[in-house]
Amino acid sequence: MVNLGINIGDLHFKNPVMTASGTFGYGPEFDDFIDVSRLGAIFIKGLTLEPREGNKYPRMAETPAGMLNAVGLQNKGIEYFESNIYPRIKDYNTHIVVNINGSYLDDYVTLAARLEKLEKIPAIELNISCPNVKMGGMAFGTNLVSAREVTKAVRAVYKKKLIVKLSPNVTNIVDFAEVVEEEGADSVSLINTLLGMSVDVAKMRPSLSTITGGLSGPAIKPVALRMVWQVAKAVKIPVIGMGGIMNTSDALEFILAGASAVQVGTASFIDPQASIRILEGIEKYMHHKGYNDIKEIIGYINK
Amino acid sequence: MSKRIEDFKVIENKRIITDFYVLEIEGVKRLPVIKPGQFVQVRVDGSPDTFLRRPISIHDVDYERNTLKLLIQVVGKGTETLAKSKKGETLNIIYPLGNSFGEPLINDRVILIGGGCGIAPLLYLGRHLNSLGFSPDILLGFRNKDRILEYEEYSAIGNVYITTEDGSVGEKGYVTNHSVLSDIKYTRVCCCGPEAMMKAVAGYSKRNNILCEVSLENLMACGVGACLCCIVDTVNGNLCSCTDGPVFNIKDLKW
């Protein structure tokens, strides 16, 4: 029996395969295709204090080996989440991690404090890296002072596990990982999407209503992998790696480079069973290579 | 109704006019009940430049043969690759997705209005209406006589009226110019086609107080309501065209 379990602090995850926020809805969207409870965790759609309509259509453009999105955190707000969504998903037999967002520092603090009270939510992912909102989002995650402040403020009110999702749209992502670690983050997840754009040549206008958007998919994998490798070497807290993971081999690259866990994102759009296939694939790889514990191969290339 | 992800076998790929193809694909497992207006998400294999699945309307369903028909217009690299599918090849699809056209009331007088590739869902809708005892009229708009699609197939489900932009067949102009619409005899319109056409049909329906449903063709990534990319601006806020649609009553749209 292969042990795929990993920990973030004292929080145990049964395996390292998770879903990336914004690519998996709240979970039930995928119930017809997989047993969601088999996953290590599900990171659900970004949540804000107030309901948000997100950006105007078009919000998506396909690109070579990837896609741009500019959804802009469309969601129904914390109140709706607490009363309508949480009751539907709390009984999944896996950890549910809520990705939180705000325009102001206080928004993050209020959200964290309210989520702390939900028994079946053992962790939050602090999204300081959304590139598709006018206020907040990436603005917090591309400035070391505000990244520090927001992490510190949320840490002060949130006692469960705090994961900070980092933006790749910075000069040196390691600086950000170190700052949030210093402020008490239990883990960092990276990378969020890379800022990009596309022009519709036939219509002679930008492909997205917002002009720029977040690039995801295999196109960004080498960049994501490099960043995960750099961060994993620099911090002591566990790193959750993501960015263009489509299959087992992609996921293993991140794990061998130092990620304690991985998030499957855009891949779920093309193959709604991708996350489970990757989980099964990792287990097979471990058998094949003769390892009994996933921890033996985390960061293997750095040993 | 649960969604499935399955490999289908290409039974036939028939080119009907220059850039239009009808693919008939056979399921390995017995088909579930499919509602008119639903669609599939087709994975495009062997096309390095494309990445996402392609949402394609279900054009027809044959439960006896256990097959679906997809009407494909070549508009980009994804559909170009799909159009090259050969008999015996496999297509991986997620289906059945989306809502459906509503069931008419017993006294409803129904007209199906379509244009270009947008006629696709209307064939199965028409057959479904036939099975419920309705004989809908069908109004189809095309650019010219060389662009007319599947006239015989549509004729089998009801009276077909045609408009062409150059007048080479049927009445000259757009569908909303057709004389069949000048008497207000219909109580229900089911429409799919280019957005400008659907908006004109919606305007006609609204002015004459006719119930009108349109099937939208938004850009889509996941098809299952997870990515929130295919949103439609409605009176109830942004809704996903993949799960809340693709069929919308025009009274819910901000047209």
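Two residues count as in contact here if their C-beta atoms, placed from the backbone, lie within 7 Å. The model is predicted, so local features need pLDDT of at least 70 and side-chain atom pairs count only at pLDDT 80 or more, while totals for chains, interfaces and linings use all residues. Residues are numbered from 1 along each chain as its sequence is written, with chains lettered from A and ligands numbered from 1 in the order in which they are written.

**View 1. Where chain A touches chain B.** Chain A puts 26 residues into the contact and chain B puts in 24. On the chain A side, β5 (60-63), β6 (66-69) and α8 (267-270) each give two or more residues (helices are DSSP runs of H or I, at least four residues, and strands runs of E, at least two, numbered from the N terminus). That side splits into 12 nonpolar, nine polar and five charged residues (Ala, Val, Leu, Ile, Met, Phe, Trp, Tyr, Cys and Pro are nonpolar; Asp, Glu, Lys and Arg are charged; the others, Gly among them, are polar).

**View 2. The two domains of chain B.** Domain 1 covers 4-97 and domain 2 covers 110-215, with bounds from an automatic or database domain assignment. Here 12 residues of domain 1 meet 12 of domain 2.

**View 3. Helices α4 and α5 of chain A.** A:L144, A:A147, A:R148 and A:T151 of α4(A) meet A:D175, A:F176, A:V179 and A:V180 of α5(A). By class, that's five nonpolar, one polar and two charged residues.
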